[in-house]
Amino acid sequence: MLTMVGYCWLCHQSLYFAHHGICHICHQQLKRLQRVCPRCALPAKSRDFPCGRCLKNPPPWQHLIAITDYAPPLSRLIQRYKYHGTPQLATVLARLFLLHWLQGYRDGRWNKPDCILGIPLHSKKRWRRGFDQIELITQPLSRWLQCHYQPDLLWRSRATLTQRGLSATQRKTNLKHAFQLRGDFTDQNVAIFDDVITTGTTLHEASQLLIRAGAHSVQAWAICRTL
Ligand SMILES: [Zn+2]
Ligand SMILES: [Zn+2]
C-alpha cells in the first residue's frame, strides 16, 4: 500500500507531526474561498450577507461551508483519495475541513451542529472503491466535534444515475425521492457532508428532506466547491 506517513502529501517534505498529513506551509498556502456568499459559497460582494441569487431563491441550508474551489492542490488530493485507493487521506482531509470550520465557528459565523450526516454513496461505487469516502471523513469529524453520527440515518432509497453530464433539470428529476431519513430530526441543527459540491442538487435534495423532517437548521459541508 502506498503510504506517505511522515511526509506532506502535497510538497513531500517531512512532517513535524506525521499524522497531520499536510505541512504548515502547504496548509497556509491553500487558496481559501474568500469573498463568497455564506449561503451558496459563490463569489459575492460580501461574505456576511446572502447574495442576490440566494435572496431570490434561498437554498434549504443556512451555510455552505467549503475550504477551497475545486482546483489544485485539493482537487488532486481528492482525486487521489477517491480514485486511487488511498483511504488513509480521509483523516487528512477531515482535519483540513475541521480547521477551516473551527475558524468560522470561533469568528461566530456558524454554530456547532447537533448531528452530522454524510451523502450516501451509490452501492456500486462503494463496492468498486472498496470504501465509503464520505463515511471515512464524517466519522472523525463527528468524533472531534462531539456530534451525533450514525452512518445510515440518510440513505438512498433507489438507484440513481450519476449526476455528472446531466442538465440541471435532469439532475433534479434524477434525485427526486432518491433519499430517505431515519430518526427524529425535530429542532436538530444538522450538518450534511459531501466531498465536492458542484451544482448542489444532491445536498439540496437531502437538505429539503431534513427541513421537512423538522430540522431547525442545516449546514452544507464540503472540502471543495466548484465555482
Ligand atoms: Zn507541504
Ligand atoms: Zn448566495
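Let's start with Asp 152, which is partly exposed at a relative accessible area of 36%; buried here means under 20% relative accessible area, exposed over 50%, and partly exposed in between, with a 1.4 Å probe and protein chains only. Arg 182 is also partly exposed, at 39% relative accessibility.

A word on the model: it is predicted, so local features need pLDDT of at least 70 and side-chain atom pairs count only at pLDDT 80 or more, while totals for chains, interfaces and linings use all residues. Residues are numbered from 1 along each chain as written, chains are lettered from A and ligands numbered from 1 in written order, and side-chain values use heavy atoms, leaving out hydrogens and water.

Back to our pair. Asp 152 and Arg 182 form a salt bridge, with their closest N and O atoms 3.9 Å apart; the term means a side-chain nitrogen of Lys or Arg within 4 Å of a carboxyl oxygen of Asp or Glu.

How many salt bridges does this rule give? The count is two. Lys 82 and Asp 195 meet in a salt bridge at 3.0 Å, N to O, and both of these residues are buried.

Now the metals. Cys 8, Cys 11, Cys 23 and Cys 26 coordinate the zinc ion (ligand 1) through SG at 2.3 Å; donors are N, O and S atoms within 2.8 Å of the metal (3.2 Å for Na, K and Ca), and with water not among the atoms, sites may look incomplete. Cys 23 and Cys 26 are buried.

Cys 40 and Cys 51 are both buried.
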